[in-house]
Amino acid sequence: MVSRRKFIEYISASPVIAPGVASTLAGLSALGTTEALAQSYDVLRQAPTMNGDLISTPAQALNVFDFEPVAKKELPPAHYGYLASGVDADKTLKANRDAFDKIKIRARRLIDVRKIDTSVKIFGETWASPIALAPVSSVGAFHPEAEAAAARACKVKGHQMILSTVGSTSIEEVIKERGAPVWYMLYPTDDWAVTEALVLRAEKAGAPAIVLTVDRQGGRNTETLFRERRGDTRTCTDCHAGGFKNEVSRKPMFDDIDVSKVTNLYGTGMTWDYVKRLRGIVKGKLVLKGIVTHEDAKQCLDYGVDAIIVSNHGGRAEESLEATIDALPEVVKAVNGKIPVLVDGGFRRGTDVIKALASGATAICIGRPYVWGLAAFGQPGVEMVLTLMQREFETIMRQVGATKLSEINGNSISRV
Ligand SMILES: Cc1cc2nc3c(=O)[nH]c(=O)nc-3n(C[C@H](O)[C@H](O)[C@H](O)COP(=O)(O)O)c2cc1C
């Protein structure tokens, strides 16, 4: 084995061997079980050749960040701006990432971690991984196959996903493509009849959970979007008919629903009474997305909410400067194990995932990274984004000595 490895190392590094041959050899040396892959970050594993700075195949990606510049190149400036934008100066968007660097990982040694189990059970359903896809609106703006491609990517390794009310694909089709139910994220509108119709449709399609997003009540200033849009020479109205009703009614979840009385999507004016009313019609699980304080987490318990997603909409709700990974502990403490707590915002690395689970999260969601993969390469891009994050996560699980998620706890990290 050692001499075979040395031979491949020598050949691959040799300036006289054609790059294609070297990468084939590197590919051969990478063959093995997932377990072996996760244990080895062998320098020969990745194809070493690339033309230019951008990856041209998903397999060339070393981490999820490699997909973003490709997505930027593929997308019209306005669509890229919509994806990239936070609010105001994008400082909360940045805070979501920076906060991970303030949490250290405490490695444990001499534990047999050859076999690990990353599955998690939520609402009676077992997910193979605690990494799920967050709801993203208008995914068709990033790739023609939109949520269908994302759903197929989720199916490959058993990831869960949440479909947005203003997604580009119907829930029936997404469930068909994933081959299993997905969660449905609700923008309720300000017409109760529409709310009821959306919930009914999602539950009839099989969605086990309705996720009410509560962080878009105040309007927002997406400056990065506005700036990027200036560089877009196309005429937006060629595709986007003007007016709110057109925007809403062209989303498939509103097909056959009368939206003539709807004046806003986000249900502006919603209060906890609204949650109570919604609780009354949701037959399955009710999840609130956008909770970031212990006060609101306690209210969730009082109002019969079944799970919380700690979220600031990926820095797209308000410029709070509060990273979700920093808001997570107070929510977890308030909930005190009574209901699952999920979290999203800035998750890009396996180490980010373990920091959230060690802080008490049940699972995490990713938004932009999967869209980068999708915009760059379609379904294979999403698959690779999930593969990379999962592989990094499995690696760090082993390094903290955890063989299953329940063995990840507060001792796995230290907050500075
Ligand atoms: C382009 C885009 C569209 C989004 N649309 C929705 C949406 O329709 N509903 C919702 O609850 N959250 C939406 N989000 C927020 C995500 O669900 C998630 O909270 C966020 O993307 C997580 O942060 P991350 O992008 O850093 O991973 C959107 C995010 C982006 C980037």
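## Terms and model

A crossing of two helices is left-handed if the near helix is turned anticlockwise from the far one by less than a right angle, and right-handed if clockwise. Helices are DSSP runs of H or I with at least four residues, numbered from the N terminus.

This is a predicted model, in which local features need pLDDT of at least 70, side-chain atom pairs count only at pLDDT 80 or more, and totals for chains, interfaces and linings use all residues. Residues are numbered from 1 along each chain as its sequence is written, and side-chain values use heavy atoms, with hydrogens and water left out.

## Helix packing

Two packed helices are described by the angle between their axes and the distance between the axes. Here the axes are lines fitted to C-alpha atoms over the stretch in contact, and angles run from 0 to 180 degrees between N-to-C directions. Angles under 35 degrees count as roughly parallel, over 145 as roughly antiparallel, 65 to 115 as roughly perpendicular and the rest as oblique.

For helix H8 (residues 171-178) and H9, the axes come within 9 Å and cross at roughly 20°. H8 and H9 are therefore roughly parallel to each other, and their crossing is right-handed. H9 (residues 192-205) also meets helix H12 (residues 272-281), with axes that come within 11 Å and cross at roughly 40°. That makes H9 oblique to H12, and H9 passes H12 in a right-handed crossing. Helix H4 (residues 67-74) packs against H16 at an angle of about 55°, their axes 8 Å apart. This makes H4 oblique to H16; the crossing is left-handed.

## Ligand surroundings

There are 24 residues around the ligand, and Pro-135, Ser-164, Thr-213, Asp-344 and Arg-348 come nearest. By class, the shell has 10 nonpolar, nine polar and five charged residues. Nonpolar means Ala, Val, Leu, Ile, Met, Phe, Trp, Tyr, Cys and Pro; charged means Asp, Glu, Lys and Arg; the others, Gly among them, count as polar.

Polar contacts here are pairs of N or O atoms within 3.5 Å. A polar side-chain atom of Arg-348 lies 2.8 Å from an oxygen atom of the ligand. For His-313, a polar side-chain atom is 3.2 Å from a ligand nitrogen atom, and for Ser-311 a side-chain N or O atom is 3.3 Å from a ligand oxygen atom. The ligand taken alone exposes 610 Å², and the protein buries 99% of that; such areas come from the Shrake-Rupley method with a 1.4 Å probe. Helix H5 (77-84) and helix H16 (368-377) are the elements that give two or more residues to the shell.

Technical notes
A residue is near a molecule or strand if one of its heavy atoms lies within 4 Å of it. A polar contact is a pair of N or O atoms within 3.5 Å; within protein, one must be able to donate a hydrogen and the other to accept it, and residues adjacent in sequence count only if both atoms are side-chain atoms.
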